[in-house]
Amino acid sequence: MRSRTELVGAFLTVFVMLCVGCVDGLKLGNATLRDYTGLDGCGWVIEGDEGVVLEPLNLGDFISNPDAGMRLAIEYQEETDYASICMVGPIVTLLACESMD
């Protein structure tokens with residue numbers, strides 16, 4: 001059986017990881033790149049593991065050759081001053097984006 005210290009440490013680690021993404025509107029997550037170019041006004045979107053679909057403004061800053069199904073580790077900030085024709089999810093600016101493949 002694990003010691004109480006190990007369990008408290010594990011809990012605190014998970015808590016900090018979840019809270020860090022909430023500071024100043026920043027969010028962290030793992031996601032999958034999806035090609036929505038067949039939908040009117042859409043392009044590449046990012047589908048988070050929790051089910052949210054994100055419309056990134058600056059995906060090209062991080063990925064030059066996107067591939068549908070690519071797994072990503074992302075950090076992003078939601079934008080409120082933009083409108084989308086695609087309208088599948090919030091518009092975001094990526095702050096970090098790395099391939100997990």
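**Entry 1: the cysteines**

Is Cys-42 buried or exposed? I looked it up: Cys-42 is buried, at a relative accessible area of 14%. For my own reference, buried means under 20% relative accessible area, exposed means over 50%, and partly exposed lies in between, with a 1.4 Å probe and protein chains only.

Before going on, I note that this is a predicted model, where local features need pLDDT of at least 70, side-chain atom pairs count only at pLDDT 80 or more, and totals for chains, interfaces and linings use all residues. Residues are numbered from 1 along each chain as its sequence is written, and side-chain values use heavy atoms, with hydrogens and water left out.

Next I checked Cys-86, which is buried too, with a relative accessible area of 11%. Cys-42 and Cys-86 are joined by a disulfide, with an S to S distance of 1.8 Å. A disulfide here is a pair of cysteine sulfur atoms within 2.5 Å, and by this rule I count 1 disulfide. The link of Cys-42 and Cys-86 is right-handed, with 95° about the S-S bond.

What does the pair tie together? Cys-42 sits in the loop between strand 1 (26–35) and strand 2 (44–48), while Cys-86 sits in the loop between strand 4 (71–78) and strand 5 (91–99), so the bond ties parts that are 44 residues apart in sequence. I also looked at Cys-97, which counts as buried at 9% relative accessibility.

**Entry 2: the whole chain**

I find 1 helix and 5 strands in the protein chain, and along the sequence they follow the pattern α-β-β-β-β-β. Helices (H or I, at least four residues) and strands (E, at least two) are DSSP runs, numbered from the N terminus.

How much of the chain is buried? Of its 101 residues, 25% are buried. Taking contacts (heavy atoms within 4.5 Å) between residues at least 6 apart in sequence, I see that 55% join residues at least 24 apart.

**Entry 3: two methionines**

Met-87 lies in the loop between strand 4 and strand 5. Met-87 is not a glycine, yet it has a positive phi of about 55°. Its relative accessible area is 67%, so Met-87 is exposed.

Met-100 is in the segment after strand 5, and it counts as partly exposed at 41% relative accessibility. Which residues does Met-100 touch, leaving aside its neighbours within four places in sequence? Met-100 is in contact with Asn-30, Arg-71, Leu-72 and Ala-73. Asn-30 and Met-100 are 70 residues apart in sequence, and their C-alpha atoms are 8.8 Å apart in space.

**Entry 4: a cavity**

I searched the whole structure and found 1 cavity of 30 Å³ or more. A cavity is a set of points, on a 1 Å grid over the protein atoms alone, where a 1.4 Å probe fits but cannot get out, and its lining residues have an atom within 4 Å of a point. Grid points are joined across faces, edges and corners, and the volume is the space filled by probe spheres set on the points.

The largest cavity has a volume of about 30 Å³. Its lining includes Asn-30, the contact partner of Met-100, along with Gly-48, Glu-50, Leu-54 and Tyr-76. Strand 1 and strand 4 each give two or more residues to this lining, and the largest share, 4 residues, comes from strand 1.

Definitions and conventions:
1 Å grid on protein atoms, 1.4 Å probe; cavity = no way out; pocket = protein on both sides within 12 Å on 5 of 7 lines; lining within 4 Å.
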